[in-house]
Amino acid sequence: MSGLQSLSNDLAAAVERAGRAVFGVNGRARLGSTGVHWRPGLVVTADHTVQVDEEVAITGPDGRTLTARVAGRDPTIDIAVLKVDAPGVAVADVADSDAVRVGHIVLALGAGPRASWGVVSSIGEGRPARNAAGELLHLDLTLYPGFSGGPLVDAQGRVVGITTSGASRHWQLAIPSAAVNRVVDELLRRGRIPRAYLGVSTQPVRLPEPVRQRLNVDQQTAVIVVEVQSGSPAAAGGLTIGDVIVSLGATRITDPTDLKSALRPDRVGESITVSVLRGGEPRDLQITVGERPRRS
């Protein structure tokens, strides 16, 4: 058997193996999406494709239609977790995404199964990478309609991420399995996925060259606080309108998206150093990250 035929057979086997844990998710009106049986009774999919808040119809790899319940969401990394009783459906073999390298062959799967294959083109490169998921996987393959929320698998059929078109229409992306595991762990630990917040509204602002030199940073922009909610963690920690937020912990804040992305669910209750410019003078504030109040 030629090397090319052997590779072809290996990829087909990888699709078959991973496809045993793939669900079709009917969480929006016109176009379904894909989900992965991540852990027993828990299906992971892309949050932007689940436009209902309670029950979702999902279709298993064996054709059965089951009713799942939305157990939690983390919109900051575009992950929703569904709870379902799915006896007999295989659980995905989830691998360590930290082992993924640029150039590795990967496959994106949609319900059916359907498959698209290519390589990891970059890791954490470009604007969409500034996300709570950390270093997103950029892919040189096609995510066909309905693929979002499906597994990104390696040549052995192990899941290394969840594909999404929600972060950017111009990039083919996957959320690393390590980031997905953090969300699922948080759900199992708390029974829900909290949404971290400071309670501020911000706008981007340019950092002048003299300021960058003084702070010894090379970032061109930061964010300026234009509103502080009464009774919020930001108010309790001393943030005021006009403060320029340069960093949150070890994370540089160059625009409002960075600030949102840095506030991961696992940071609720954490005391974090917020580095600001106030009247042109650097200052560090200690703020305890709060949980965004749930709507009644």
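Start by selecting alanine 95, in the loop between E6 and E7. You are looking at a predicted model.

**Stop 1: alanine 95**

Is this residue buried or exposed? Alanine 95 counts as buried, because its relative accessibility is 15% and the cut-off for buried is under 20%. Now show its neighbours. Leaving aside residues up to four places away in sequence, alanine 95 touches Arg158, Val159, Val160 and Ser177. Alanine 95 and aspartate 154 are 59 residues apart in sequence, yet 8.8 Å apart in space, C-alpha to C-alpha.

**Stop 2: threonine 164**

Move to strand E11 and select threonine 164. Threonine 164 has a relative accessible area of 3%, so it is buried. Show side chains here. Which side chain makes a polar contact with that of threonine 164? Look for aspartate 78, at 2.5 Å. Aspartate 78 is also one of the residues that threonine 164 touches, not counting those up to four places away in sequence.

**Stop 3: helix H1**

Select residues 3–19 to see helix H1, which has 17 residues. From first C-alpha to last, H1 reaches 24 Å, close to the 24 Å expected at 1.5 Å a residue. Colour Leu11, Ala14, Val15, Ala18 and Gly19, which are buried in H1. Why do they lie on the same side of H1? They cover an arc of only 120° around the axis, which puts them there. In general, an α-helix has 3.6 residues a turn, so residues three or four places apart point the same way.

What do the buried residues of H1 pack against? Select strands E1 (22–26), E7 (105–110), E8 (114–123) and E10 (151–153) to find out: the buried residues pack against these four.

**Stop 4: the largest nonpolar core**

This core has 29 residues. Select Trp38, Val44, Ile79, Val81 and Val180, the members that touch the most other members. Among the elements that give two or more residues to this core are H1, strand E2 (33–39), strand E3 (42–46) and helix H2 (177–190). H2 gives the most, with five residues.

Zoom in on valine 180. Its contacts, not counting residues up to four places away in sequence, are Trp38, Val44, Ile79, Ile162 and Ile175.

**Stop 5: a second core**

Finish at a separate core of 20 residues. Select Ala196, Val225, Ala234 and Leu248, which are included in this second core.

Definitions and conventions:
Residues numbered from 1 in each chain as written. Predicted model: local features only at pLDDT ≥ 70, side-chain atom pairs only at ≥ 80, totals over all residues. Heavy atoms only, no water. Expected span 1.5 Å × (residues − 1). Buried < 20%, exposed > 50% of the residue type's maximum accessible area, 1.4 Å probe, protein only. Arc of directions from axis to C-beta. Contact = heavy atoms within 4.5 Å. Core = buried A, V, L, I, M, F, W, Y, C linked by side-chain atoms within 4.5 Å. Polar contact = N/O pair within 3.5 Å; in protein donor to acceptor, adjacent residues only side chain to side chain.
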